[in-house]
Amino acid sequence: IPEHATTLALKPTDPNAAGGYSEPYRLYNLDVFEYEMDEPMALYGSIPVMLGHSTQGTSGVFWHNPTETFVDVAPSGGDMNTRWISEAGIVDLMLLPGPGAKQVFFQYASLTGSQAMPPM
């Protein structure tokens, strides 16, 4: 879930977890003036894509919902679990099975389209 002024490895949003946030990540299009670093608050656009990567492979999830969404991240054993909460609307959940990062991004681009080439 990009567009947050924090690390790429998501921190837990459980207030009891060490080094985590007390609030969930917020997905909402905002133009924040003088945003704070290391905060889970939304920043500019929101892209509801979550990637999981390990030595066995890469997979992803695309959460298609137009309303404000919150993402809770919680550690569970050696893994991280996420919980997605949207205010309203119909939820379309697309699983991107991979098995590698290249295939996950190709699958995502087949859903959303790819970047147009600039004019020459």
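Let me start with Gly60, which stands opposite Leu96 in S6. Strand S3, residues 57–64, and S6 pair in the antiparallel sense over five bridges, where pairing requires that DSSP finds at least two bridges between two strands. Strands here are DSSP runs of E with at least two residues, and helices are runs of H or I with at least four, both numbered from the N terminus.

Before going further, a word on the source: this is a predicted model, in which local features need pLDDT of at least 70 and side-chain atom pairs count only at pLDDT 80 or more, while totals for chains, interfaces and linings use all residues. Residues are numbered from 1 along each chain as its sequence is written, and side-chain values use heavy atoms, with hydrogens and water left out.

The sheet that holds this pair is open and has three strands, in the order S2-S3-S6, with antiparallel pairing. Strand S2 (49–54) and strand S6 (92–96) are at the edges with a single partner strand each, so one side of each has no neighbour in the sheet. On average, neighbouring strands of this sheet are turned by 10 degrees against each other, direction ignored; axes are lines fitted to C-alpha atoms, for helices over the stretch in contact, and angles run from 0 to 180 degrees between N-to-C directions.

Helix H1, residues 101–112, lies across S2, S3 and S6 and runs at about 20 degrees to S3. In the loop between S6 and H1 we find Pro99, and a cis peptide bond with omega of about 20 degrees joins Gly98 and Pro99.

What is the strand order in the other open sheet of three strands? It is S1-S4-S5, again with antiparallel pairing. Its edge strands are S1 (25–27) and S5 (79–86), each of which pairs on one side only, and neighbouring strands are turned by 25 degrees against each other on average, direction ignored. S1 and strand S4, residues 69–76, pair in the antiparallel sense over three bridges, and the bridge partner of Tyr25 in S4 is Val71.

Now to the second largest pocket, which holds about 150 Å³ of space. Its lining includes Leu27, Tyr28, Trp63 and Glu68. A pocket is defined on a 1 Å grid over the protein atoms alone, as an open set of points where a 1.4 Å probe fits, with protein on both sides within 12 Å along at least five of seven lines, and lining residues have an atom within 4 Å of a point. The volume is the space filled by probe spheres set on the points, which are joined across faces, edges and corners.

Leaving aside neighbours within four places in sequence, Ala5 is in contact (heavy atoms within 4.5 Å) with Tyr35, Glu36, Met37, Asp38, Glu39 and Leu43. Over the chain, 28% of the 120 residues count as buried.

Definitions and conventions:
Buried < 20%, exposed > 50% of the residue type's maximum accessible area, 1.4 Å probe, protein only.
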